[in-house]
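Here is a short note for a colleague opening this structure for the first time. Please keep the sequence and the 3D view side by side while reading.

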Amino acid sequence: MNFITVKNYEELSHIAAKIIASQIVVKPNTVLGLATGSSPVGAYKKLIEKCNAGDLDFSSVKTVNLDEYVGLDDENDQSYRYFMNDNLFDHINIDKANTYVPNGCADDFDKECEIYDNRVKAFGGIDLQLLGIGIDGHIGFNEPDEFFVGPTHVVDLDESTIKANSRFFESEDAVPRKAVTMGMMSIMQAKKVLLIANGAAKKEIVEKAFFGPITPLVPASILQLHPDLTVIYSEN
Ligand code: F6R
């Protein structure tokens, strides 16, 4: 594991964007696994700048996002599809048909999850997976549990996740209680994994996840088994 401690969010975003951009430069048809939430916003801004400056070409890139809230459609401004369009896809030269976010309004979630995993397989897996981490240790929406779950699946969100994510909604009651998330299989089979975390509130869980025992009670701890993991942490 390559654990990098940086001084602030600006530096974290700069390094994360450099790693993602380098991946695209060396493999223009890269399959990127992407995350939402506040952690990647700074890196996405920097990727947009590089693209608009003509230094980065997303035209052959494919993306697969980690998760989506159950019940929110693409037009809902709290959906992760909306977030991705707003924070990245609308501002770069990517073909939106090559961007995938799980369907939170699927009629048949078993089928949706199977299709999602099969698509990742058909792409030859993810080249670089970007992750944040929840204060309960979740990655994607893989919440603490008795077991690690491999395939894409529907989860009940933990109270701590609902509370943490209520900052994006009008009230805690408005936060969906379920989400569809990529499981550990696609994440752990990614060729490279980059996890970014910032803020003092994440310090304890980052220590547990990367320097404590590997346990499904701290889902991110499974990443200690990944052969090409980079973690960037900033306390500020
Ligand atoms: C988002 C996701 C989540 C977030 C995590 C941290 O797609 O998969 O695991 O990465 O909840 O969220 P922030 O960055 O908002 O602290």
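This is a predicted model: local features need pLDDT of at least 70, side-chain atom pairs count only at pLDDT 80 or more; totals for chains, interfaces and linings use all residues.

The points below go from the whole chain to single residues.

1. **Overall build.** The chain has 7 helices and 10 strands. Its radius of gyration is 16 Å, close to the 18 Å that the globule rule gives for 236 residues, so the chain is as compact as a globular protein of that length. The C-alpha trace spans about 45 × 40 × 35 Å along its principal axes. Of the 236 residues, 52% count as buried.

2. **Salt bridges, lysine 46 and glutamate 10.** The structure holds 8 salt bridges. One of them joins the side chains of lysine 46 and glutamate 10, at 2.7 Å from N to O. This pair links distant parts of the chain. Lysine 46 sits in helix α2 (residues 41-52), glutamate 10 in helix α1 (residues 9-26), and the two are 36 residues apart. Glutamate 10 has 49% and counts as partly exposed.

3. **Salt bridge, aspartate 90 and lysine 96.** These two side chains also meet at 2.7 Å, N to O. Aspartate 90 is partly exposed, at 45% relative accessibility. Lysine 96 is partly exposed as well, at 36%.

4. **Salt bridge, glutamate 235 and lysine 203.** Here the N to O distance is 3.4 Å. Which parts of the chain does this pair tie together? Glutamate 235 lies in the segment after β10 (229-234), and lysine 203 lies in helix α7 (residues 203-211), so the bridge ties together parts that are 32 residues apart in sequence. Glutamate 235 is partly exposed, at 38% relative accessibility. Lysine 203 is partly exposed too, with a relative accessible area of 32%.

5. **A salt-bridge network.** Look next at Lys27, Asp127 and Lys191. A network of salt bridges links these residues.

6. **A negative patch.** Where does negative charge gather on the surface? It gathers in a patch made of Asp107, Asp108, Asp110 and Glu114. Aspartate 107 lies in the loop between β5 (99-100) and α4 (109-122). Its relative accessible area is 85%, so aspartate 107 is exposed; the cut-off for exposed is over 50%.

7. **Leucine 128.** This residue belongs to strand β6 (residues 128-131). Leucine 128 is buried, with a relative accessible area of 2%. How far is its C-alpha atom from that of glutamine 189? The two C-alpha atoms are separated by 9.9 Å, while the residues are 61 apart along the chain.

8. **Leucine 56.** Leucine 56 is found in the loop between α2 and β3 (62-65). Isoleucine 24 is 32 residues away from leucine 56 in sequence, yet the C-alpha to C-alpha distance is 7.6 Å.

9. **Where to look again.** Aspartate 107 is exposed, at 85% relative accessible area, whereas leucine 128 is buried, at 2%.

Conventions
Residues are numbered from 1 along each chain as its sequence is written. Side-chain values use heavy atoms; hydrogens and water are left out. Patches are made of residues with over 30% relative accessible area and no salt bridge: like charges are joined within 9 Å, nonpolar side chains (Val, Leu, Ile, Met, Phe, Trp, Tyr) within 5 Å. Accessible areas come from the Shrake-Rupley method with a 1.4 Å probe; for residues, only the protein chains shown count as cover. A salt bridge is a side-chain nitrogen of Lys or Arg within 4 Å of a carboxyl oxygen of Asp or Glu. Lys and Arg count as positive and Asp and Glu as negative; His and the chain ends are not counted. The place of a charge is taken as NZ of Lys, CZ of Arg, CG of Asp or CD of Glu. Helices (H or I, at least four residues) and strands (E, at least two) are DSSP runs, numbered from the N terminus. Buried means under 20% relative accessible area, exposed over 50%, partly exposed in between (1.4 Å probe, protein chains only). The radius of gyration is taken over C-alpha atoms; the globule rule is 2.2 Å times the number of residues to the power 0.38.
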